[in-house]
Amino acid sequence: MRDLRALYRRLREEHGPVAPVLLHDDVPIWVVLGHAENLHMVRTPSQFTRDSRIWTPLVDGRVKPDHPLMPHFAWQPVCSYAEGEEHLRLRGAVTSAVATIDPRRLRRHIGRATQRLVNRFCERGRAELVDQFAEHLPMAVMCEILGMPEEYNDRIVQAARDMLKGTETAIASNEYVMDCLRRLTARRRAEPADDFTSHLIADPARLSDDEVGAHLRVVLIASYEATANLLANTIRRVLTDPGFRAQLNGGQMTVPQAVEQSLWDEPPFSTILGYFAKEDTELGGRRIRRGDGLLLGIAPANVDPRVRPDLPADMQGNRSHLAFSGGPHECPGQDIGRAIADVGVDKLLMRLPDLQLDCPEEELRWTESMASQHLVELPVRFSPRPQQDVTSQPSHTPMPLPQQRAAWDISTVRAFAAPSGPEHTPAAGTPRPRPPAASAPWPRTMPVPSTLLEPPPVREAPAGAGAAGARDRPAGVWQRFLRWWRGE
Ligand code: HEM
């Protein structure tokens with residue numbers, strides 16, 4: 001990736017925002033480097049399509065079936081490659097099923113899955129966070145969302161990893177994952193439940209079993225790889241960039257802002273292969289011919305000097321990066337990816353506030369491909385901590401009072417002040433929070449005092465009488481509402 005970054009810089013200097021390059025076997029393609037040019041391409045379906053079957057080198061046989069990049073551009077009957085009415089039909093079913101996911105329930109699942117994963121290693125004082133955390137959390141959450149929580153285990157994580165690495169066993173691993181998804185489809189066709197798969201099946205678009213299976217695969221694999229990268233990249237940045245960490249500690253940056261900065265600087269997919277010209281046209285001053293292929297240059301677009309003249313300056317509050325692409329194919333699962341990263345990173349750092357990198361930074365390695373960069377290992381150390389109970393449910397019984405945050409002192413909403421004003425004035429002495437506007441995008445955040453956001457210390461609380469007394473005190477309506485609202 002470091003080399004690719006230098007390559008993109010050189011290409012931009014030599015060719016401008018759209019540069020000609022050669023793929024393996026000298027197959028020609030354009031790489032789109034400019035932010036505006038990439039945006040124009042993804043937003044102009046009348047000129048550019050994701051349907052690779054019109055790509056000239058493929059049509060005239062220059063791209064052989066065993067081309068190493070074939071898995072990236074081989075056309076499949078899924079929404080990613082479809083266009084027009086067919087794209088609307090397939091994507092509509094996916095977005096409708098995504099819309100049925102309750103954000104509070106989602107955050108609760110993510111929180112619990114994080115606690116379970118951290119429980120596996122917290123007593124040891126050492127962990128390898130790519131293998132033990134970043135690659136597991138998205139899979140645990142997605143298996144739950146899709147409706148197959150019982151399928152989540154080390155085997156399915158390994159299979160997904162194997163498929164993406166394209167190792168010798170990739171075909172067998174793909175078959176294992178597809179078999180899980182086919183069985184899930186059959187189960188839900190016979191007995192629907194309130195999960196993503198059942199809603200996908202029940203959609204008026206009437207997807208066939210093959211279409212359901214293929215879309216479950218797209219959703220599972222896209223979210224697994226991208227979100228694992230996002231988690232690993234964000235945690236690595238926190239551990240290796242003292243300025244970044246200081247901003248989090250000091251409350252100048254929230255975890256969602258840290259995740260957003262990571263999406264700018266290290267997008268989980270660095271390029272997408274590809275888009276294809278439907279007619280002769282012009283892009284970034286280049287003459288593009290019908291049938292030409294173009295790489296969606298997410299990573300180079302995100303560092304385009306025209307949108308980021310001062311590269312080190314933070315991009316807080318600005319979400320116009322292309323990590324989720326744009327236009328008709330823009331990622332429909334971006335809020336899920338963001339929620340997994342936000343909650344996962346926040347809870348990890350709250351549980352292990354003194355998390356440190358356990359090797360010199362220079363020893364970190366990435367597997368580098370044109371499509372993505374993937375951190376191989378992230379060894380960490382921390383003070384050993386006891387496991388936490390992840391089974392406790394929110395209830396109306398008295399809850400322990402929150403403890404003061406440890407050194408991390410971060411939260412998703414810390415930058416806001418405590419609620420005040422007429423909307424929050426209690427009718428009868430009880431604070432009553434105002435629900436967020438219906439149009440607000442989720443995950444919604446509420447302006448709340450940061451001290452209310454600390455989860456109850458389940459087994460870690462000191463055993464002294466004073467602490468016991470504090471724990472017996474009933475929590476306010478605010479605290480209980482907030483826990484419920486945040487899905488804790
Ligand atoms: C951090 C996490 C994620 C990132 C960075 C990401 C990024 C992307 C990108 C760059 C595309 C390609 C858009 C294009 O072709 O122009 C895409 C498409 C897609 N993503 Fe995601 N994604 C993430 C998580 C998810 C999740 C959690 C889901 C689950 C619902 C998901 C489902 C999809 C689907 C179905 C498509 C194809 C959409 C279409 O072609 O209409 N993604 N994603």
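**Structural briefing**

Pro-360 is located in the loop that runs between strand 9 (356-357) and strand 10 (366-368). This residue belongs to a predicted model. The chain has 488 residues, of which 40% are buried, and its secondary structure comprises 18 helices and 12 strands.

**Pro-360 and the overall fold**

- Pro-360 is exposed, because 7 other C-beta atoms lie within 10 Å, and a residue with 12 or fewer counts as exposed.
- Pro-360 and Pro-379 are 19 residues apart along the chain, and their C-alpha atoms are separated by 9.9 Å.
- Of the contacts between residues at least 6 apart in sequence, 76% link residues at least 24 apart.

**Surroundings of the ligand**

- The ligand is surrounded by 28 residues, the closest being Ser-223, Ser-325, Cys-331, Gly-333 and Gly-337.
- Helix 5 (84-99), helix 12 (209-240) and helix 16 (334-351) are the elements that contribute two or more residues to this shell.
- Helix 12 provides the largest share of the shell, with seven residues.
- By class, the shell consists of 18 nonpolar, eight polar and two charged residues.
- Ser-325, one of the closest residues to the ligand, is situated in the loop between helix 15 (298-302) and helix 16.
- Ser-325 is buried, because 22 other C-beta atoms lie within 10 Å and the threshold for a buried residue is 20 or more.

**Packing of helix 12 against helix 16**

- The axes of helix 12 and helix 16 come within 10 Å and cross at roughly 35°, and the crossing is right-handed.
- On the helix 12 side, the contact is made by Ser-223, Ala-226, Thr-227, Leu-230, Leu-231, Thr-234 and Ile-235.
- On the helix 16 side, these residues meet Ile-336, Gly-337, Ile-340, Ala-341, Gly-344 and Val-345.
- The contact of helix 12 with helix 16 has eight nonpolar and five polar residues, and no charged residues.
- Ser-223 and Gly-337, both part of this contact, are also among the closest residues to the ligand.

**Packing of helix 9 against helix 10**

- The axes of helix 9 (residues 154-165) and helix 10 (residues 170-190) come within 8 Å and cross at roughly 130°.
- Helix 9 and helix 10 are therefore oblique to each other, and their crossing is left-handed.
- Among the residues in this contact are Ile-156, Asp-162 and Met-163 of helix 9, together with Ser-173, Tyr-176 and Val-177 of helix 10.
- The contact of helix 9 with helix 10 has eight nonpolar, two polar and two charged residues.

**Helix 8**

- Helix 8 (residues 137-146) is mostly covered, with 10 of its 10 residues buried.
- The buried residues of helix 8 include Leu-137, Met-139, Cys-143, Glu-144 and Leu-146.
- Gly-147 follows helix 8 and has a positive phi near 105°.

**Backbone geometry**

- Most residues other than glycine have a negative phi, and most peptide bonds are trans.
- Asp-26 has a positive phi near 60°; its place is in the loop between strand 1 (18-23) and strand 2 (27-32).
- Asp-26 is exposed, with 8 other C-beta atoms within 10 Å.
- Ser-325 also has a positive phi, near 65°.
- The peptide bond that joins Leu-273 and Gly-274 is cis, with omega about -10°, and Gly-274 is found in strand 5 (residues 271-277).

Technical notes
Residues are numbered from 1 along each chain as its sequence is written. This is a predicted model: local features need pLDDT of at least 70, side-chain atom pairs count only at pLDDT 80 or more; totals for chains, interfaces and linings use all residues. A residue is near a molecule or strand if its C-beta atom, placed from the backbone, lies within 6 Å of it. Helices (H or I, at least four residues) and strands (E, at least two) are DSSP runs, numbered from the N terminus. Ala, Val, Leu, Ile, Met, Phe, Trp, Tyr, Cys and Pro count as nonpolar, Asp, Glu, Lys and Arg as charged, and the others, Gly among them, as polar. Two residues are in contact if their C-beta atoms, placed from the backbone, lie within 7 Å. Axes are lines fitted to C-alpha atoms, for helices over the stretch in contact, and angles run from 0 to 180 degrees between N-to-C directions. Angles under 35 degrees count as roughly parallel, over 145 as roughly antiparallel, 65 to 115 as roughly perpendicular and the rest as oblique. A crossing is left-handed if the near helix is turned anticlockwise from the far one by less than a right angle, and right-handed if clockwise.
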